[in-house]
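Q: I have a chain on screen and want to go through its fold. Start with whatever I need to know to read the angles.

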Amino acid sequence: MTADPGDRGDARVTTRPGLRDVARLAGVSHQTVSRVFQDHPRVSSETRAKVLAAAAQLDFRPNAFARALATGRSRTLGVVSFDATLFGPASMISEIERCAREADYFTSVIALQSASQRSISAAAERLRGQGVDGLIVIPGHVPLTQTTKHLPSDLPVVVMESETVIPSVGVDQYTGPKAATRYLLDLGHRTVHHLPGPMSWLEARERARGWHDALTEAGAPVPPTIPGDWSAGSGYDRGLALAADPDVTAVFAANDQTALGLLRALHEAGRRVPDDVSVIGFDDIPEAAYFIPPLTTIRQDFAAVGRSSVNLLLEQIDTGRRSDKKIIISTELVSRSSAGRPPAQ
């Protein structure tokens, strides 16, 4: 049986409501509706409320492309990050996206697989080609914090965790590890060993510096370190050597995943935590409270980092001027069950 080409069945073509439909229902001009969705200051609160109510009733959503043409802004923020699979960068991106949505902005994210000036510059140019209004860069590696100096000068930018580039937002990576080391020394440990992260990362270098300075200021011995990465596997492999040394009674791990690997190495060696060895991590990942034992750690406020980076970028977009701010977010020691007094000698 051949279908009648004129028979369209029950299919219906529906037209999405437009500005004029909203204007008609609200009893205002379509220009007034346009001003409401452009956040024009010369619209009374009463008129704005009527327009928004009409838009909600009609399920009207302003066309992003049309709005970009009208305002000269795409309402899109670009994000460039290296190794977005790691907890820190992933948490920052998630919070940036959430805060951007609250401000009625989209996000376009590029996760770099290689760390080079060429890759970060190419990513920035790609995002600028998409018409982003501003750019947030999460470089991670120390060399990449220098390449951000070569970003487009006409594009509002915020750099995460940068020593020299501004405007920037970062976490105090030095004070927290220093406090963690002092905490263990105050419990009575003769010294504190450290499992550092990769020294090509600014975060790893600052955490190691905080640990080192706390020991030297206290006149405590500074044990040698073995560089590693941020993974639990790295913590386990290096932790086996620490677990075999009976003189090791306290360890500060560069992040919580490293601490997790260390806890397994200590368990396999029959070293009890915290009775024989105390362990402190860094990050306060959601799983840290459920380690065995629950992990004492340094908490980073990723919500504050994401919120501050978006606000700083939007401030530059609104003013049209490059900011000279450098925002540092403090950390917090979260005491749980993995740190205690050293075993009696």
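A: Angles under 35 degrees count as roughly parallel, over 145 as roughly antiparallel, 65 to 115 as roughly perpendicular and the rest as oblique. They run from 0 to 180 degrees between N-to-C directions of axes fitted to C-alpha atoms, for helices over the stretch in contact. The model is predicted, with pLDDT of at least 70 required for local features and 80 or more for side-chain atom pairs, while totals for chains, interfaces and linings use all residues. Residues are numbered from 1 along each chain as its sequence is written, and side-chain values use heavy atoms, with hydrogens and water left out.

Q: OK. How do α10 and α11 cross?

A: The axes of α10 (residues 232–243) and α11 (residues 256–268) come within 7 Å, with a crossing angle of roughly 40°. The two helices are therefore oblique to each other.

Q: Back up a bit. How many helices and strands does the chain have?

A: 12 helices and 11 strands. These are DSSP runs numbered from the N terminus, H or I of at least four residues for helices and E of at least two for strands. Of the 345 residues, 48% count as buried (under 20% relative accessible area; exposed is over 50%, partly exposed in between; 1.4 Å probe, protein chains only). Taking contacts between residues at least 6 apart in sequence, 71% join residues at least 24 apart.

Q: What is the strand order in the open sheet?

A: The order of its 5 strands is β6-β7-β8-β9-β11, and the pairing is mixed. Two strands pair if DSSP finds at least two bridges between them. From one strand to the next the twist averages 20°.

Q: Which way does β7 run against β6 and β8?

A: β6 and β7 are parallel, with 3 bridges, and L195 stands opposite A253 in β7. β7 and β8 also run parallel and are joined by 3 bridges; V251 has V279 of β8 as its bridge partner.

Q: And how many bridges are there between β8 and β9?

A: 4 bridges, in the parallel sense, between β8 (residues 278–283) and β9 (residues 296–299). One of the partner pairs is F282 with I298 in β9.

Q: Where do the β7 side chains point?

A: A250 and F252 go one way, V251 and A253 the other, and all are buried.

Q: Which strands do α8 and α9 cover?

A: α8 (residues 175–186) lies across β7 (250–253), β8, β9 and β11, at about 165° to β8. α9 (residues 202–218) packs on the sheet and touches β6, β7 and β8, its direction making about 180° with that of β6.

Q: How do those two helices cross each other?

A: Their axes come within 7 Å and cross at roughly 40°, so α8 and α9 are oblique. This crossing is right-handed. P177, K178, T181, R182 and L185 of α8 meet R207, G210, W211, D213, A214, L215, E217 and A218 of α9. The classes here are 6 nonpolar, 2 polar and 5 charged.

Q: Change of topic. Where are the cis peptide bonds?

A: One runs from V273 to P274, with omega near 5°; P274 is in the loop between α11 and β8. Another joins I292 and P293, with omega about -5°, and P293 is in the loop between β8 and β9.

Q: Which residues other than glycine have a positive phi?

A: Among them are D104, at about 65°, and D284, near 60°. D104 is in the loop between α5 (87–102) and β2 (106–112) and is partly exposed at 40% relative accessible area. D284 is in the loop between β8 and β9 and is buried at 15%. Most residues other than glycine have a negative phi.

Q: Last one: is S323 buried or exposed?

A: Buried, at 10% relative accessibility. S323 sits in the loop between α12 (302–319) and β10 (326–329). Neighbours within four places in sequence aside, S323 is in contact with I166, P167, L312, E315 and Q316.

Notes:
Contact means heavy atoms within 4.5 Å. A crossing is left-handed if the near helix is turned anticlockwise from the far one by less than a right angle, and right-handed if clockwise. Ala, Val, Leu, Ile, Met, Phe, Trp, Tyr, Cys and Pro count as nonpolar, Asp, Glu, Lys and Arg as charged, and the others, Gly among them, as polar.
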